[in-house]
Amino acid sequence: MVRLLSILLAIGGGCGALLVGTHAFTEEGITANRQARARMLLEELAGAALPEHMDLSQATFGACDDRMFQRLTVPGYAGPIYLTVMWRADDASLALRVTGHRETPGIGDFIDHQRDAWLPALDGSTRLEFEALDNVSGATITSNAMRRAAAQAYGSVEAYCDA
Amino acid sequence: MTPNSEILRSAVLQRNPAWAQLLGLCPLLAVSSTVVNALGLAAASTVVMVGSNVCISALRKLIPEEARLACFVLIIATFTTITTLILEAFAYELYLKIALFVQIIVTNCMILGRAEAYASKQSIANTFFDAAGTALGFAIALLMLGAVRELLANGTLLADAHLLFGPAALTWQIDYSAAKLLPLAAYPPGAFLVAGLLYALFNAARFLRRSQDPSSTPMARQPDQ
(Lines give C-alpha, C1' and ligand atoms only; values in the text may rest on other atoms or scores of the structure.)
Protein backbone atom coordinates (compact mmCIF):
# COMPACT_ATOMS: atom_id res chain seq x y z
CA MET A 1 0.00 0.00 0.00
CA VAL A 2 2.83 2.39 0.92
CA ARG A 3 4.63 1.47 -2.30
CA LEU A 4 1.48 2.09 -4.33
CA LEU A 5 0.97 5.50 -2.76
CA SER A 6 4.65 6.40 -3.24
CA ILE A 7 4.48 5.52 -6.92
CA LEU A 8 1.26 7.48 -7.42
CA LEU A 9 2.76 10.46 -5.59
CA ALA A 10 5.92 10.26 -7.69
CA ILE A 11 3.94 10.15 -10.97
CA GLY A 12 1.65 12.95 -9.79
CA GLY A 13 4.66 15.00 -8.68
CA GLY A 14 6.39 14.49 -12.02
CA CYS A 15 3.27 15.56 -13.92
CA GLY A 16 2.89 18.56 -11.61
CA ALA A 17 6.52 19.58 -12.16
CA LEU A 18 6.05 19.38 -15.94
CA LEU A 19 2.96 21.60 -15.68
CA VAL A 20 4.70 24.13 -13.43
CA GLY A 21 7.62 24.33 -15.88
CA THR A 22 5.32 24.78 -18.89
CA HIS A 23 3.28 27.40 -17.03
CA ALA A 24 6.42 29.39 -16.21
CA PHE A 25 7.57 29.13 -19.85
CA THR A 26 4.24 30.25 -21.36
CA GLU A 27 2.88 32.65 -18.72
CA GLU A 28 4.33 35.81 -20.27
CA GLY A 29 3.02 35.03 -23.75
CA ILE A 30 -0.44 34.06 -22.49
CA THR A 31 -0.78 37.22 -20.40
CA ALA A 32 0.29 39.40 -23.33
CA ASN A 33 -2.16 37.65 -25.67
CA ARG A 34 -5.07 38.03 -23.22
CA GLN A 35 -4.31 41.71 -22.62
CA ALA A 36 -4.05 42.42 -26.35
CA ARG A 37 -7.39 40.73 -26.93
CA ALA A 38 -9.01 42.61 -24.04
CA ARG A 39 -7.70 45.92 -25.41
CA MET A 40 -8.94 45.06 -28.92
CA LEU A 41 -12.40 44.24 -27.58
CA LEU A 42 -12.59 47.44 -25.52
CA GLU A 43 -11.42 49.55 -28.45
CA GLU A 44 -14.03 47.87 -30.64
CA LEU A 45 -16.70 48.74 -28.04
CA ALA A 46 -15.46 52.31 -27.59
CA GLY A 47 -14.98 52.85 -31.34
CA ALA A 48 -11.63 54.53 -30.65
CA ALA A 49 -8.13 53.70 -29.45
CA LEU A 50 -7.73 53.62 -25.67
CA PRO A 51 -4.86 55.46 -23.96
CA GLU A 52 -1.76 53.28 -23.70
CA HIS A 53 -1.45 53.95 -19.94
CA MET A 54 -5.01 52.80 -19.14
CA ASP A 55 -4.90 49.92 -16.64
CA LEU A 56 -7.11 47.24 -18.15
CA SER A 57 -6.58 44.77 -15.32
CA GLN A 58 -9.12 46.45 -12.99
CA ALA A 59 -12.68 45.12 -12.71
CA THR A 60 -14.08 48.64 -13.23
CA PHE A 61 -12.23 51.52 -14.84
CA GLY A 62 -12.80 54.63 -16.94
CA ALA A 63 -14.34 58.03 -16.24
CA CYS A 64 -17.77 58.63 -14.67
CA ASP A 65 -18.38 61.63 -16.94
CA ASP A 66 -17.48 59.77 -20.14
CA ARG A 67 -17.21 55.97 -20.43
CA MET A 68 -16.87 53.24 -17.83
CA PHE A 69 -15.63 49.72 -18.59
CA GLN A 70 -16.38 46.70 -16.44
CA ARG A 71 -15.70 42.99 -16.26
CA LEU A 72 -18.66 40.98 -15.00
CA THR A 73 -19.49 37.35 -14.35
CA VAL A 74 -23.07 36.07 -14.25
CA PRO A 75 -24.29 32.48 -13.90
CA GLY A 76 -25.43 30.95 -17.19
CA TYR A 77 -27.01 27.61 -18.08
CA ALA A 78 -23.78 25.59 -18.18
CA GLY A 79 -21.45 27.69 -16.05
CA PRO A 80 -20.37 31.27 -15.58
CA ILE A 81 -20.68 33.77 -18.42
CA TYR A 82 -17.85 36.32 -18.53
CA LEU A 83 -18.63 39.75 -19.97
CA THR A 84 -16.96 43.04 -20.75
CA VAL A 85 -19.35 45.99 -20.53
CA MET A 86 -19.10 49.61 -21.63
CA TRP A 87 -21.37 52.25 -20.05
CA ARG A 88 -21.77 55.67 -21.72
CA ALA A 89 -22.42 58.68 -19.51
CA ASP A 90 -24.16 60.79 -22.19
CA ASP A 91 -27.20 58.52 -22.61
CA ALA A 92 -26.59 56.04 -19.74
CA SER A 93 -26.57 53.19 -22.26
CA LEU A 94 -24.69 49.89 -22.21
CA ALA A 95 -22.85 47.74 -24.71
CA LEU A 96 -22.13 44.14 -23.66
CA ARG A 97 -19.71 41.57 -25.06
CA VAL A 98 -19.27 38.01 -23.85
CA THR A 99 -15.61 37.04 -23.47
CA GLY A 100 -16.17 33.50 -22.21
CA HIS A 101 -19.09 31.08 -21.81
CA ARG A 102 -20.11 27.43 -21.90
CA GLU A 103 -23.67 27.82 -23.16
CA THR A 104 -25.04 25.08 -25.39
CA PRO A 105 -23.80 25.45 -28.98
CA GLY A 106 -26.68 26.25 -31.32
CA ILE A 107 -29.04 27.17 -28.46
CA GLY A 108 -27.41 29.48 -25.94
CA ASP A 109 -24.38 30.64 -27.92
CA PHE A 110 -26.30 33.52 -29.57
CA ILE A 111 -24.63 35.66 -26.88
CA ASP A 112 -21.24 35.15 -28.58
CA HIS A 113 -20.80 38.25 -30.77
CA GLN A 114 -18.46 36.35 -33.10
CA ARG A 115 -21.25 33.90 -33.94
CA ASP A 116 -24.38 35.99 -33.72
CA ALA A 117 -25.29 39.69 -34.00
CA TRP A 118 -27.87 39.46 -31.17
CA LEU A 119 -25.72 41.20 -28.54
CA PRO A 120 -24.17 43.88 -30.81
CA ALA A 121 -27.73 44.76 -31.92
CA LEU A 122 -28.46 45.77 -28.31
CA ASP A 123 -25.55 48.25 -28.17
CA GLY A 124 -26.77 51.61 -26.86
CA SER A 125 -29.80 50.15 -25.06
CA THR A 126 -30.84 51.83 -21.82
CA ARG A 127 -31.64 50.31 -18.44
CA LEU A 128 -35.37 50.15 -19.19
CA GLU A 129 -34.75 48.54 -22.57
CA PHE A 130 -32.55 45.84 -21.01
CA GLU A 131 -35.17 45.21 -18.31
CA ALA A 132 -37.84 44.77 -21.00
CA LEU A 133 -35.67 42.47 -23.13
CA ASP A 134 -37.54 39.43 -24.50
CA ASN A 135 -36.31 35.90 -23.84
CA VAL A 136 -34.81 33.99 -26.73
CA SER A 137 -36.92 30.88 -27.23
CA GLY A 138 -35.26 27.79 -25.76
CA ALA A 139 -32.64 29.79 -23.90
CA THR A 140 -34.50 31.30 -20.95
CA ILE A 141 -31.61 30.99 -18.49
CA THR A 142 -29.13 32.57 -20.93
CA SER A 143 -31.56 35.43 -21.67
CA ASN A 144 -32.09 35.97 -17.92
CA ALA A 145 -28.31 36.04 -17.49
CA MET A 146 -28.01 38.90 -20.00
CA ARG A 147 -30.72 40.92 -18.20
CA ARG A 148 -28.98 40.20 -14.90
CA ALA A 149 -25.63 41.30 -16.38
CA ALA A 150 -27.11 44.63 -17.48
CA ALA A 151 -28.66 45.20 -14.03
CA GLN A 152 -25.36 44.29 -12.37
CA ALA A 153 -23.47 46.69 -14.66
CA TYR A 154 -25.76 49.60 -13.83
CA GLY A 155 -25.46 48.80 -10.10
CA SER A 156 -21.65 48.71 -10.30
CA VAL A 157 -21.44 52.00 -12.20
CA GLU A 158 -23.66 53.70 -9.62
CA ALA A 159 -21.67 52.27 -6.72
CA TYR A 160 -18.33 53.26 -8.35
CA CYS A 161 -19.34 56.79 -9.32
CA ASP A 162 -21.22 57.55 -6.09
CA ALA A 163 -18.24 56.47 -3.97
CA MET B 1 10.02 -4.03 -44.31
CA THR B 2 11.57 -3.37 -40.87
CA PRO B 3 9.49 -4.07 -37.76
CA ASN B 4 9.27 -0.35 -36.95
CA SER B 5 8.05 0.64 -40.39
CA GLU B 6 5.56 -2.26 -40.24
CA ILE B 7 4.23 -0.90 -36.92
CA LEU B 8 3.98 2.58 -38.45
CA ARG B 9 2.25 1.34 -41.63
CA SER B 10 -0.21 -0.78 -39.68
CA ALA B 11 -1.06 2.15 -37.36
CA VAL B 12 -1.65 4.53 -40.27
CA LEU B 13 -3.56 2.22 -42.61
CA GLN B 14 -4.95 -0.97 -41.08
CA ARG B 15 -5.76 0.54 -37.69
CA ASN B 16 -6.39 4.12 -38.82
CA PRO B 17 -8.18 5.53 -35.75
CA ALA B 18 -10.73 7.52 -37.73
CA TRP B 19 -11.51 5.45 -40.83
CA ALA B 20 -10.88 1.90 -39.54
CA GLN B 21 -11.81 2.18 -35.85
CA LEU B 22 -14.12 5.25 -35.90
CA LEU B 23 -12.42 6.67 -32.81
CA GLY B 24 -12.07 10.37 -31.91
CA LEU B 25 -14.93 11.35 -34.21
CA CYS B 26 -16.23 14.21 -32.01
CA PRO B 27 -13.23 16.54 -32.50
CA LEU B 28 -12.70 15.13 -36.01
CA LEU B 29 -16.13 16.29 -37.18
CA ALA B 30 -16.27 19.46 -35.09
CA VAL B 31 -12.89 20.98 -35.95
CA SER B 32 -12.35 19.86 -39.53
CA SER B 33 -14.22 22.76 -41.14
CA THR B 34 -10.95 24.10 -42.59
CA VAL B 35 -7.48 22.70 -43.31
CA VAL B 36 -5.85 25.06 -40.80
CA ASN B 37 -8.20 24.09 -37.95
CA ALA B 38 -7.61 20.43 -38.85
CA LEU B 39 -3.83 20.94 -38.87
CA GLY B 40 -3.98 22.64 -35.46
CA LEU B 41 -5.93 19.78 -33.89
CA ALA B 42 -3.75 17.19 -35.65
CA ALA B 43 -0.57 18.79 -34.25
CA ALA B 44 -2.07 19.01 -30.76
CA SER B 45 -3.28 15.39 -30.88
CA THR B 46 0.14 14.22 -32.12
CA VAL B 47 1.97 15.90 -29.23
CA VAL B 48 -0.42 14.39 -26.68
CA MET B 49 -0.50 10.95 -28.34
CA VAL B 50 3.27 10.54 -28.75
CA GLY B 51 4.24 12.28 -25.49
CA SER B 52 1.79 10.45 -23.24
CA ASN B 53 2.24 7.01 -24.82
CA VAL B 54 6.06 7.18 -24.74
CA CYS B 55 5.85 8.37 -21.11
CA ILE B 56 3.47 5.51 -20.22
CA SER B 57 5.76 3.00 -21.93
CA ALA B 58 8.77 4.35 -20.02
CA LEU B 59 6.90 4.04 -16.72
CA ARG B 60 5.08 0.76 -17.54
CA LYS B 61 7.03 -1.32 -15.03
CA LEU B 62 6.43 1.23 -12.28
CA ILE B 63 2.73 1.90 -12.85
CA PRO B 64 0.69 -0.34 -10.51
CA GLU B 65 -1.78 -2.59 -12.31
CA GLU B 66 -4.69 -1.64 -10.02
CA ALA B 67 -4.18 2.10 -10.58
CA ARG B 68 -3.10 2.03 -14.21
CA LEU B 69 -6.11 3.83 -15.69
CA ALA B 70 -5.81 6.69 -13.19
CA CYS B 71 -2.10 7.00 -14.03
CA PHE B 72 -2.77 6.90 -17.80
CA VAL B 73 -5.43 9.62 -17.54
CA LEU B 74 -3.15 11.74 -15.32
CA ILE B 75 -0.30 11.52 -17.84
CA ILE B 76 -2.59 12.18 -20.83
CA ALA B 77 -4.17 15.14 -19.00
CA THR B 78 -0.72 16.55 -18.27
CA PHE B 79 0.28 16.47 -21.93
CA THR B 80 -3.10 17.90 -22.97
CA THR B 81 -2.68 20.81 -20.56
CA ILE B 82 0.89 21.43 -21.75
CA THR B 83 -0.33 21.49 -25.37
CA THR B 84 -3.18 23.87 -24.48
CA LEU B 85 -0.81 26.26 -22.70
CA ILE B 86 1.66 26.25 -25.59
CA LEU B 87 -1.12 26.85 -28.11
CA GLU B 88 -2.51 29.74 -26.02
CA ALA B 89 0.93 31.31 -25.75
CA PHE B 90 2.12 30.92 -29.35
CA ALA B 91 -0.98 30.52 -31.58
CA TYR B 92 -3.63 32.50 -29.71
CA GLU B 93 -6.08 33.09 -32.57
CA LEU B 94 -6.08 29.41 -33.46
CA TYR B 95 -6.38 28.56 -29.75
CA LEU B 96 -9.57 30.66 -29.56
CA LYS B 97 -11.04 28.68 -32.46
CA ILE B 98 -10.18 25.13 -31.41
CA ALA B 99 -9.43 25.38 -27.66
CA LEU B 100 -12.52 23.46 -26.57
CA PHE B 101 -11.60 20.49 -28.73
CA VAL B 102 -7.94 20.55 -27.71
CA GLN B 103 -8.98 20.41 -24.06
CA ILE B 104 -11.14 17.33 -24.62
CA ILE B 105 -8.26 15.43 -26.25
CA VAL B 106 -7.81 14.06 -22.72
CA THR B 107 -11.01 12.05 -23.15
CA ASN B 108 -10.15 10.85 -26.66
CA CYS B 109 -10.51 7.08 -26.56
CA MET B 110 -7.95 6.78 -29.38
CA ILE B 111 -5.19 7.89 -26.98
CA LEU B 112 -6.34 5.98 -23.89
CA GLY B 113 -7.00 2.93 -26.06
CA ARG B 114 -3.44 2.79 -27.42
CA ALA B 115 -2.04 3.46 -23.94
CA GLU B 116 -3.95 0.48 -22.52
CA ALA B 117 -3.56 -1.89 -25.46
CA TYR B 118 -0.02 -1.11 -26.58
CA ALA B 119 2.09 1.45 -24.68
CA SER B 120 1.64 -0.24 -21.30
CA LYS B 121 3.04 -3.51 -22.69
CA GLN B 122 5.65 -2.56 -25.28
CA SER B 123 9.12 -0.98 -25.46
CA ILE B 124 9.59 2.76 -25.81
CA ALA B 125 10.79 2.48 -29.44
CA ASN B 126 7.84 0.33 -30.53
CA THR B 127 5.44 2.60 -28.65
CA PHE B 128 6.91 5.67 -30.31
CA PHE B 129 6.31 4.26 -33.80
CA ASP B 130 2.83 3.01 -32.91
CA ALA B 131 1.84 6.38 -31.39
CA ALA B 132 3.37 8.33 -34.27
CA GLY B 133 1.56 6.10 -36.78
CA THR B 134 -1.79 6.40 -34.99
CA ALA B 135 -1.37 10.19 -34.74
CA LEU B 136 -0.38 10.36 -38.41
CA GLY B 137 -3.43 8.30 -39.38
CA PHE B 138 -5.67 10.63 -37.37
CA ALA B 139 -3.93 13.66 -38.94
CA ILE B 140 -4.47 12.29 -42.45
CA ALA B 141 -8.18 11.75 -41.70
CA LEU B 142 -8.47 15.27 -40.27
CA LEU B 143 -6.68 16.85 -43.22
CA MET B 144 -8.70 14.92 -45.80
CA LEU B 145 -11.94 15.97 -44.15
CA GLY B 146 -10.75 19.55 -43.61
CA ALA B 147 -9.60 19.95 -47.22
CA VAL B 148 -12.80 18.50 -48.73
CA ARG B 149 -15.08 20.52 -46.42
CA GLU B 150 -13.18 23.79 -46.94
CA LEU B 151 -13.19 23.33 -50.71
CA LEU B 152 -16.88 22.44 -50.87
CA ALA B 153 -18.08 25.07 -48.41
CA ASN B 154 -15.80 28.06 -48.98
CA GLY B 155 -14.04 27.28 -52.26
CA THR B 156 -10.67 27.86 -50.58
CA LEU B 157 -7.74 25.87 -49.28
CA LEU B 158 -5.35 26.91 -46.49
CA ALA B 159 -7.40 30.00 -45.57
CA ASP B 160 -6.06 31.62 -42.36
CA ALA B 161 -2.79 29.68 -42.62
CA HIS B 162 -1.08 32.62 -40.91
CA LEU B 163 -2.79 31.63 -37.64
CA LEU B 164 -0.56 28.57 -37.58
CA PHE B 165 2.48 29.50 -39.67
CA GLY B 166 2.84 33.26 -39.15
CA PRO B 167 2.59 36.25 -41.51
CA ALA B 168 4.64 34.50 -44.24
CA ALA B 169 1.66 32.19 -44.80
CA LEU B 170 -0.74 34.99 -45.72
CA THR B 171 -0.13 34.27 -49.41
CA TRP B 172 -0.62 30.51 -49.16
CA GLN B 173 -4.40 30.61 -49.57
CA ILE B 174 -5.70 28.98 -52.74
CA ASP B 175 -8.94 30.63 -53.76
CA TYR B 176 -11.69 29.01 -55.84
CA SER B 177 -14.37 30.96 -53.99
CA ALA B 178 -16.33 31.56 -57.20
CA ALA B 179 -17.42 27.91 -56.95
CA LYS B 180 -18.93 27.22 -53.53
CA LEU B 181 -20.37 23.82 -54.34
CA LEU B 182 -21.86 22.79 -50.99
CA PRO B 183 -22.09 25.47 -48.24
CA LEU B 184 -23.69 22.79 -46.03
CA ALA B 185 -20.24 21.19 -45.71
CA ALA B 186 -19.23 23.93 -43.26
CA TYR B 187 -21.90 22.78 -40.78
CA PRO B 188 -22.23 19.61 -38.65
CA PRO B 189 -24.66 17.80 -41.03
CA GLY B 190 -22.23 18.46 -43.88
CA ALA B 191 -19.39 17.10 -41.74
CA PHE B 192 -21.30 13.82 -41.26
CA LEU B 193 -22.06 13.58 -44.98
CA VAL B 194 -18.47 14.21 -46.08
CA ALA B 195 -17.07 11.92 -43.36
CA GLY B 196 -19.48 9.17 -44.41
CA LEU B 197 -18.43 9.45 -48.05
CA LEU B 198 -14.72 9.42 -47.14
CA TYR B 199 -15.31 6.42 -44.85
CA ALA B 200 -16.97 4.58 -47.74
CA LEU B 201 -14.02 5.50 -49.98
CA PHE B 202 -11.53 4.23 -47.40
CA ASN B 203 -13.47 0.95 -47.02
CA ALA B 204 -13.69 0.51 -50.79
CA ALA B 205 -9.90 0.95 -51.06
CA ARG B 206 -9.37 -1.62 -48.29
CA PHE B 207 -11.70 -4.18 -49.87
CA LEU B 208 -10.05 -3.65 -53.26
CA ARG B 209 -6.62 -4.15 -51.73
CA ARG B 210 -7.77 -7.25 -49.86
CA SER B 211 -9.29 -8.80 -52.96
CA GLN B 212 -6.04 -8.25 -54.87
CA ASP B 213 -3.91 -9.70 -52.04
CA PRO B 214 -5.40 -12.98 -50.73
CA SER B 215 -2.67 -13.28 -48.06
CA SER B 216 -3.84 -10.11 -46.24
CA THR B 217 -6.18 -10.83 -43.33
CA PRO B 218 -9.09 -8.66 -42.28
CA MET B 219 -8.17 -6.02 -39.79
CA ALA B 220 -10.80 -7.19 -37.33
CA ARG B 221 -9.21 -10.65 -37.04
CA GLN B 222 -5.74 -9.35 -36.24
CA PRO B 223 -4.81 -9.63 -32.57
CA ASP B 224 -4.22 -6.19 -31.09
CA GLN B 225 -0.54 -5.80 -30.32
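Two strands are taken to pair if DSSP finds at least two bridges between them. The model is a predicted one.

**Exercise 1. Determine the order of the strands in the sheet of chain A, and explain which strands lack a neighbour on one side.**

Step 1. Chain A has an open sheet of 4 strands, in the order S1-S2-S3-S4, with antiparallel pairing.

Step 2. At the edges stand strand S1 (60-62) and strand S4 (93-100) of chain A; each has a single partner strand, so one side of each is left without a neighbour in the sheet.

Step 3. From one strand to the next, the twist averages 25°.

**Exercise 2. Describe how S3(A) is joined to S2(A) and to S4(A).**

Step 1. Strand S2 (residues 67-75) and strand S3 (residues 80-88) of chain A pair in the antiparallel sense over 9 bridges. Within S3(A), Leu83(A) is the residue opposite Leu72(A).

Step 2. These two strands, S2(A) and S3(A), form a hairpin with 4 residues between them. Gly79(A), in the turn, has a positive phi of about 135°.

Step 3. The antiparallel pairing of S3(A) with S4(A) extends over 7 bridges, and Thr84(A) has Arg97(A) in S4(A) as its bridge partner.

Step 4. A hairpin with 4 residues between the strands is also formed by S3(A) and S4(A); in its turn, Ala92(A) has a positive phi of about 50°.

**Exercise 3. Identify the helix that lies across the sheet, and state where confidence in chain A is lowest and highest.**

Step 1. Helix H3 (residues 140-162) of chain A lies across S1, S2, S3 and S4 of that chain, and runs at about 135° to S2(A).

Step 2. Chain A has a mean pLDDT of 89, with 100% of its residues at 70 or more.

Step 3. Confidence in chain A is lowest in S1(A), with a mean of 82, and highest in helix H2 (residues 127-131), at 93.

**Exercise 4. Explain why the buried residues of H6(B) line one face of the helix, and list helices that cover them.**

Step 1. In helix H6 (residues 109-119) of chain B, the buried residues are Met110(B), Ile111(B), Arg114(B), Ala115(B), Tyr118(B) and Ala119(B).

Step 2. Viewed down the axis of H6(B), the buried residues fall within an arc of 135°, so they line one face of the helix.

Step 3. The general rule is that an α-helix has 3.6 residues a turn, so residues three or four places apart point the same way.

Step 4. The cover over the buried residues of H6(B) includes helix H3 (35-58), helix H4 (68-90) and helix H7 (124-154) of chain B.

**Exercise 5. Characterise the side of chain B that touches chain A.**

Step 1. In chain B, 16 residues are in contact with 14 residues of chain A.

Step 2. H4(B) supplies the largest share of this side of chain B, 11 residues.

Step 3. By class, this side of chain B has 13 nonpolar, 2 polar and 1 charged residues.

Definitions and conventions: Residues are numbered from 1 along each chain as its sequence is written. Chains are lettered from A and ligands numbered from 1 in the order in which they are written. This is a predicted model: local features need pLDDT of at least 70, side-chain atom pairs count only at pLDDT 80 or more; totals for chains, interfaces and linings use all residues. A residue is buried if 20 or more other C-beta atoms lie within 10 Å of its own, exposed if 12 or fewer, and partly exposed in between; C-beta atoms are placed from the backbone. The arc is that of the directions from the helix axis to the C-beta atoms. Two residues are in contact if their C-beta atoms, placed from the backbone, lie within 7 Å. Ala, Val, Leu, Ile, Met, Phe, Trp, Tyr, Cys and Pro count as nonpolar, Asp, Glu, Lys and Arg as charged, and the others, Gly among them, as polar. Axes are lines fitted to C-alpha atoms, for helices over the stretch in contact, and angles run from 0 to 180 degrees between N-to-C directions. pLDDT is the predictor's confidence in each residue, from 0 to 100.
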